[in-house]
Amino acid sequence: MNTNTEWLQTVCCELLCTDTVPVDVAPLALGMNSLTAVRLAARISTEFDADLNPAAVLRASRLSDLVEGLRPRPPADTSGMDESFIALSHMQLAFYIANQIAPGGNAYHCPLVWRLDGPVNRRLLELALDDLARRHPVMRGTLAYRRGELGLAIADQPIPRLRHHREADEAAALARVEAASRDPLITARGEPLWQALLVEHGDGATEGRLFALINHHMLVDWMAAQVLLTDLSRFHAAREEGDYPRVNPTPSAYVLAERRKRDGANAPAAVAYWKRELTGASTRSLGHGGAVRHRQTWLPGPLTESLRALAARWGTTLHNVLLACFAEAYHDWCGSDDVVIGVSYAFPRTGPAQSVSAPLMNTLCVRSCRTRRRDLAAMTGRLTEKVIDAILHSELPVAKVASLADAPVGTPLFDVFFNYQELSPPTLDIGVSAEALTLPIDPMFPVVVVAMPHDGGIRVSAALALPEGGPDDDALLGSFAAVCESLAVRPTDEPTNARTATS
């Protein structure tokens with residue numbers, strides 16, 4: 001075993017929470033999933049002079065092949081960057097345009113909310129938030145045009161963004177926070193694209209408080225949120241100790257400039273792939289409109305473990321098994337055997353990007369074509385290959401992918417978004433116990449389904465915004481749960497590789 005494989009073994013033990021990892025077996029055989037593949041690719045690409053795509057981790061026949069012959073990565077040169085203006089990346093620009101087309105609501109906001117079990121020093125919290133804005137330049141940015149580009153003009157000093165309110169009870173406090181989550185963050189006043197709230201309520205035995213940090217998705221995605229909260233917790237702890245923390249700004253301009261380069265770096269190959277993949281895709285749309293309806297179901301622990309074991313046996317991930325079960329249910333629900341499903345994908349955060357708050361996620365388009373023979377094993381195999389291929393060509397932002405489809409102008413590329421999120425909710429430590437709460441979020445798409453681990457099982461939530469007269473809201477998640485149960489009870493044959501499967 002050489003130095004590279006020793007390093008790899010140590011990192012994999014950390015990622016998989018185990019004492020030993022054989023490096024001569026496939027990553028999927030070790031129980032790695034999409035999330036650990038992203039994290040491992042990020043660690044390898046940070047340590048070594050390589051730009052490893054997570055798809056390479058999922059497809060590797062031996063773990064050791066990932067680092068064979070690699071050399072250490074030289075330090076990134078972040079000097080010479082203009083930190084006073086940061087042009088928006090393609091993903092940030094897509095969020096801006098979408099928000100301008102459909103203003104109002106909180107679909108493009110990332111509200112993080114906690115119930116605090118104890119009093120908070122408001123002045124210390126204000127100082128810690130100022131430190132956070134000094135650390136992350138995008139939190140000092142306001143939208144502006146320069147040199148023909150839309151971006152963030154970065155102020156030298158933080159702009160206070162903490163608001164304090166008092167309400168009669170927790171219900172009123174929650175209503176205040178939810179209303180604030182819908183307040184426009186893109187305004188004509190030239191303000192930063194985030195705000196914070198401390199809402200106290202009641203008195204005596206019923207006294208309580210909520211804290212909310214609300215960012216526009218142009219600043220934060222789910223993974224970047226944890227970066228912010230780790231820094232906020234650290235700054236608050238320092239302020240409580242009476243220290244004036246040393247704040248080194250993150251290289252946001254460098255990271256987002258690199259993101260812009262990468263967005264077009266593999267364009268010819270990505271364009272050819274997506275044109276081929278989306279040729280002939282159905283352009284039928286369910287429509288988008290009407291009141292948002294929320295539905296929820298639960299996959300119990302034993303069922304979840306059965307599906308996880310089946311994924312390991314099939315050499316895939318739990319995400320892909322759940323995606324196949326959902327696709328089967330969605331085909332029936334919408335009445336089409338040819339659908340495109342949006343799934344979330346997080347780019348590996350390598351080098352300087354590990355410390356930066358920025359949306360480095362993309363939406364992958366996964367086309368599911370159901371055959372006459374309804375075989376979930378074969379469907380899982382096909383969708384696994386499609387997810388990996390999509391990751392390989394994920395540098396092209398989804399907005400550009402949509403422009404390559406055959407759909408008429410104004411027709412969405414897909415109506416449904418499915419996300420199995422294994423990341424734990426971002427944690428906050430400001431000196432008191434903080435319980436994360438969930439606010440209702442307006443869906444970006446007509447149908448949004450999010451599955452998350454919860455109490456040993458999986459909680460599945462759906463937000464539907466469809467016109468009246470569409471498919472039955474309750475039937476989708478009920479059918480999804482039924483498909484999962486049928487697969488766990490009677491697993492079918494080994495999945496067929498998509499490259500050899502026939503229709």
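Me: Is the crossing of H1 and H2 right-handed or left-handed?
Reply: This is a predicted model, in which local features need pLDDT of at least 70, side-chain atom pairs count only at pLDDT 80 or more, and totals for chains, interfaces and linings use all residues. A crossing is left-handed if the near helix is turned anticlockwise from the far one by less than a right angle, and right-handed if clockwise. The crossing of H1 and H2 is right-handed.

Me: At what angle do the axes of H1 and H2 cross?
Reply: H1 covers residues 3-16 and H2 residues 34-47, and their axes come within 11 Å. Axes are lines fitted to C-alpha atoms, for helices over the stretch in contact, and angles run from 0 to 180 degrees between N-to-C directions. The two axes cross at roughly 145°.

Me: How many helices and strands does the chain have?
Reply: Helices (H or I, at least four residues) and strands (E, at least two) are DSSP runs, numbered from the N terminus. The chain has 503 residues. Its elements are 14 helices and 14 strands.

Me: What percentage of the residues in the chain is buried?
Reply: Buried means under 20% relative accessible area, exposed over 50%, and partly exposed in between (1.4 Å probe, protein chains only). Of the 503 residues in the chain, the buried share is 53%.

Me: Which residues touch the most other members of the largest nonpolar core?
Reply: A nonpolar core is a set of buried Ala, Val, Leu, Ile, Met, Phe, Trp, Tyr and Cys residues joined through side-chain atoms within 4.5 Å. The largest one has 91 residues, and the members touching the most others are Leu40, Trp274, Leu322 and Phe480.

Me: Which helix gives the largest share of this core?
Reply: The core in question is the largest nonpolar core, with 91 residues. The largest share, twelve residues, comes from residues 318-334, which form helix H11.

Me: Is Ser89 buried or exposed?
Reply: Ser89 is found in the loop between strand E1 (85-87) and helix H4 (90-101). In space, Ser89 is 9.4 Å from Leu150, C-alpha to C-alpha, although 61 residues separate them in sequence. Because its relative accessibility is 1%, Ser89 counts as buried.

Me: What is the relative accessible area of Cys17?
Reply: Cys17 lies in the loop between H1 and H2. This residue has a positive phi of about 55° although it is not a glycine. Cys17 is exposed because its relative accessible area is 72%.

Me: What is the phi of Asp455?
Reply: Asp455 lies in the loop between strand E13 (447-454) and strand E14 (457-464). At 68% relative accessibility, Asp455 counts as exposed. Although Asp455 is not a glycine, its phi is positive, at about 50°.

Me: Leaving aside neighbours within four places in sequence, with which residues is Gly105 in contact?
Reply: Gly105 lies in the loop between H4 and strand E2 (109-117), and is partly exposed, with a relative accessible area of 24%. Gly105 and Arg182 are 77 residues apart in sequence, yet 4.7 Å apart in space, C-alpha to C-alpha. Leaving aside those neighbours, the residues in contact with Gly105 are Ser181, Arg182 and Asp442.

Key
Residues are numbered from 1 along each chain as its sequence is written. Side-chain values use heavy atoms; hydrogens and water are left out. Contact means heavy atoms within 4.5 Å.
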